[in-house]
Amino acid sequence: MFFRLPASLPFSILLLCIISCGRIEFENLDFSDGGGTGDADTNSDADVDTDTDTDTDGDTDSDADTDSDSDTDTDVDTDTDSDTDTDTDSDTDTDSDGDTDIDTCPDGFIWSGTICTEVNNCGEIQELNSNLPSGDYSIIPPTAPPLPEAGCTYHTYNHHAYYYCDTPTEWATARDNCRQVGMELVRINDGDENIFVHSTITADCWLGGNDIESDTNWYWVNGHNSATPFWQGWADGNAVDGLYENWAPTEPNDGAEDEDCAEMISGSSQWNDRPCTGYDRPYMCESAFTPRAPSGDCHHWIYNQHHYYFCRIGLSWAEARDACRGVGMNLLRIDDSDENSFVTSHLEVSTWHSANDLAVEGAWRFAQNGNREGDQFWSGGSIGNGGSAVDGHYSNWNTNEPNDPGNNENCGMIAATGTWNDGLCTDPLDYVCEQTYFAIPAAIPAGSCAHIPFEEKNYFACVDKMAWIDSRDNCRAAQMELVRIDNPTENALIKGLIEWHTWMAANDLSVEGEWRYADNGTNDGDQFWSGGSVGSGGVPVGGLFSDWYVDEPNNLGTAEHCATMQFATHQWNDDYCTNYENNRVCEAANPTQTVTCTF
């Protein structure tokens, strides 16, 4: 039996994530200093100032400020029109051979028909729930979390995902940037992980350790500041439950009397306590690919790139919320009817989800990321009493719900039938925890690259500049190719990623005017364009997509054989393959890997 694992999130959701998490704008771009079309002359001046300060507590603070000015002399008339229509089908299908398309399992897991089951080299099976028959199984290459902010670099270690973000910020902002993409500030569990983190950072870096809520009681963040205790006391204190620590000598010492946040010292890899405010540091985010289960009778499922734990344990709403937070998850949030149906299919009794109006009566919100006041999705009582959805958010209230009959039903539950009701927050009910699923891409290009999963492809937007051939070879070294843009939707995605002129796979290196995509190890993949610009008789080939800027391609100087997406216009231009160094986007399909297992 053969199972194929399909599709990613719809474009609209992924695009929203890219915009909000990556600080990327598609409209109202300011191109006053941007590059242009045609042939650009670029001047780059970089000045680096490094200051080393020693604090009164004996800690060393290294600040490196880099000023980088890049000016392009071009006259540009910008007229950008991006229409992004997408048609996504994410239904579960049964193929003609009887195989079933199902949602993504984590790296190293396969679908058993009822649950994702761990595979060790495709030979040994650790069953999570059910027995597996012998046969062929497909494992989908995983994806990575969205960027906490522009400029973060992606790393993996020991089945965890990490982003190192080198924009200095205060500790709380760094924590919140990580949480907005489902991650946390890094927690270091052993000496090997400490070595890995130290090898990645380039300056003193925030960690997830803090004693904000209880002085001298140090915790790792995980859903809230005081999730997991690891150290108690000053420098002469002791580790909690034998957990790893790497404090520098005489640390922590609370030298400034408010040093409540932990940093790694880049020069030594040791840890220091530092005031959480008034000091800006780079930071590292971390996410495990399969979250730990809450304590008790909890069952793991994956749906639409989200992890779920269905826990058959009677807890109050607040206890359930805290149980989820304790493993870095949130109480269930239901965003559409398909997710509601999925959840209902696994329920036995009424079960808590994160909806609540604890802060303001009638203002129903989802508890998210350690805050009970997340997005508001409903206002008022039942529909019959004037209640209504907020901003088009989904809900599935039962008839005459929510009704708050005793003025104390402030927490949301979902019945085994799938309808919602407001209930007493102190009632002991089952609960569901949820977390977005992230995992590792098959390969990563060398350089300063951000990973963007979209539909069935992985993209890496890389900002270290190279000539076209070097860029092509850099992508190929990671079993990828320079990006091929096939439709307006993909074109709009790439527009949102670029920070400078950016190489594409398009070239006419073999035959002048025969524009093809570099693919499968050659420059001569599918031809998509013939000739010069539209005005000089150029035409698309085979109905394939293109987005040349006006009067492009023009082969200025008879040597422009490689295509870029220009930064200012976000349209295509032919350029010199070797004379200019630009950014690049690498691309790879997300194929499944078939393995045969005998049990």
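Strand 34 and strand 35 (residues 572-576) are paired in the antiparallel sense, with five bridges between them. In this predicted model, the two strands form a hairpin with six residues between them. The turn contains His 570, for which a positive phi of about 60° is computed. Within the pairing, Asp 575 of strand 35 is the bridge partner of Cys 562.

Strand 34 also pairs with strand 30 (residues 502-507). This pairing is likewise described as antiparallel, and three bridges join the two strands. Cys 562 in strand 34 stands opposite Asn 507.

The cut-off for burial is a relative accessible area under 20%.

For the protein as a whole, seven helices and 37 strands are assigned. Of its 599 residues, 51% count as buried. The accessible surface amounts to about 25600 Å², and carbon and sulfur atoms account for 44% of this area. Among contacts between residues at least 6 apart in sequence, 62% join residues at least 24 apart.

Key: Residues are numbered from 1 along each chain as its sequence is written. This is a predicted model: local features need pLDDT of at least 70, side-chain atom pairs count only at pLDDT 80 or more; totals for chains, interfaces and linings use all residues. Side-chain values use heavy atoms; hydrogens and water are left out. Two strands pair if DSSP finds at least two bridges between them. Helices (H or I, at least four residues) and strands (E, at least two) are DSSP runs, numbered from the N terminus. Buried means under 20% relative accessible area, exposed over 50%, partly exposed in between (1.4 Å probe, protein chains only). Contact means heavy atoms within 4.5 Å. Accessible areas come from the Shrake-Rupley method with a 1.4 Å probe; for residues, only the protein chains shown count as cover.
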